[in-house]
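Let's take a walk through this one together. Have the sequence and the model side by side, and follow along.

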Amino acid sequence: MGIGPSTKETTMHHFHDPLVRVVASDPDVDFQGVILVGTPQDNYLKNLVGRRTAFWLEAMRTNGAIISADGWGNSDVDFINTMTEIGDKGISIVGLKFIGKQAGFVVESEHTKFVLDINKSKSGTETEIVGDNNLNEKDAHKALGLLKLKMRKDGQVPK
Amino acid sequence: MNKNTLTINAFSMQDVTIGPKYHITNTSLEIPDHPLFDIDDRLKSIKVKLVDPKDCHFKINTIMDVIPISTKVLGNIGYGMSNTLTGVSVILTGADETGVQLHEFGSSNGYLDEKIKFDTDGTPSSDDTIILIDVTLKSDFEFNRKTCEMVFNSADQFLQPIREELKVMNGRNAAESFEYEDIKHPGKPKVAVVKEVAGQGAMYDNMVFAKEPGGIEKGISIIDMDNMPILLSANEYRDGAIHALV
């Protein structure tokens, strides 16, 4: 498994990225930037890049992060592993990825319940239509809202 | 130059046509229907045509990418000034001469109007003119990173003359101008975005830090960086620091 036509983020998607647009312009958070991390084949490297991501965020004194991915299947391992590494540093973390009826998690953890589904198709499947299941501005607002609640619950911000 | 600020001047293309050469004005764009450079030996052809999203019920090869046309005028990706075209966007499709489609996981070949959802962040607007670049490989090609990168690179080379002309256009004549500042909100919770992207092989890769927004030349593959995390500012992201190869 990998990245199908309906979830893949085109160059145009990155150019107009709704997640960056929403989070960077919200006056209630101090936006730090985007960490771009790949999905290696090798298991040792999968764990390593997740750990390195968590170290970056810890050094940046990050309170909360939103992780998103345009693939599903094998890449769930990277996704959940990176969420766990970030969570273990005491940083609030929520996720956004395609789940639908087709892409249940390959691996589960305490973090999977904080992952929002970006599926838009009625069938809940990889429809092979470009743009059909991409993350949009509504998904970004939902994730940022959830992160704000989670940061409060986790004691990242004074109540 | 203020390195915290990115200005994007948008030139709205009302009239896009095919002609013998590249020519751009404040509101119109003329492009050739084939590359004016020698194409790679592995390629059979590169054909370019203009498409109206409201009238596109015809067969296409798998959609490899949707690409914006933008160029640096001052500074580097993420700060300074960029000129960007609106009203026009690029779709890259590809297959070999026997019909084998260029994709990693699921193909979007079929009727264009059924295989793309217009008006999303990652696809053309239904009011755009689409430049459809269709690349055909010779049948004995090897499906590997080098071949796929060559295809993406050929499309990038086709677009570069547009960027060269766009670069010298006066921002005062732009239809719209946007200024993005890296604003800090001290005292608020610190929040970052983590984007997990493809990095395993052919059609499962991303390029970062090319010379041009959404470009390829001088870009570094995430695979060649062993998928290690890198930090990008919001303005670098907005200015096209990433070219998808998925």
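In β12(B), which residue is the bridge partner of Lys47(B)? The partner is Asp134(B). Before going further, some housekeeping: this is a predicted model, where local features need pLDDT of at least 70, side-chain atom pairs count only at pLDDT 80 or more, and totals for chains, interfaces and linings use all residues. Residues are numbered from 1 along each chain as its sequence is written, chains are lettered from A and ligands numbered from 1 in the order in which they are written, and side-chain values use heavy atoms, with hydrogens and water left out.

β5(B) and β12(B) (residues 129–137) run antiparallel to one another over 8 bridges; strands here are DSSP E runs of at least two residues, helices are H or I runs of at least four, both numbered from the N terminus, and two strands pair if DSSP finds at least two bridges between them. They belong to an open, mixed sheet of 4 strands in chain B, ordered β5-β12-β10-β7. Its edges are β5 (43–51) and β7 (63–67), each pairing on one side only. From one strand to the next, the twist averages 15°. Helix α2 (residues 145–167) of chain B lies across β5, β7, β10 and β12, at about 140° to β12(B) (axes are lines fitted to C-alpha atoms, for helices over the stretch in contact, with angles from 0 to 180 degrees between N-to-C directions; contact means heavy atoms within 4.5 Å).

Now for the charges. Over all chains there are 20 salt bridges, meaning a side-chain nitrogen of Lys or Arg within 4 Å of a carboxyl oxygen of Asp or Glu. One of them joins Lys167(B) to Glu212(B) at 2.8 Å, N to O. Lys167(B) sits in helix α2 and Glu212(B) in the loop between β15 (205–208) and β16 (220–221) of chain B, so this pair ties together parts 45 residues apart in sequence. In chain A, Asp76(A) and Lys97(A) form a salt bridge at 3.3 Å, N to O, and both are buried (under 20% relative accessible area; exposed is over 50%, partly exposed in between, with a 1.4 Å probe and protein chains only).

Glu196(B), in strand β14 (residues 190–196) of chain B, is buried yet has no salt bridge. The nearest side chain of opposite charge, Lys46(A), is 7.7 Å away (Lys and Arg count as positive, Asp and Glu as negative; His and the chain ends are not counted). Instead, the Glu196(B) side chain reaches the backbone nitrogen of Phe79(A) at 3.1 Å.

Notes: Polar contact = N/O pair within 3.5 Å; in protein donor to acceptor, adjacent residues only side chain to side chain.
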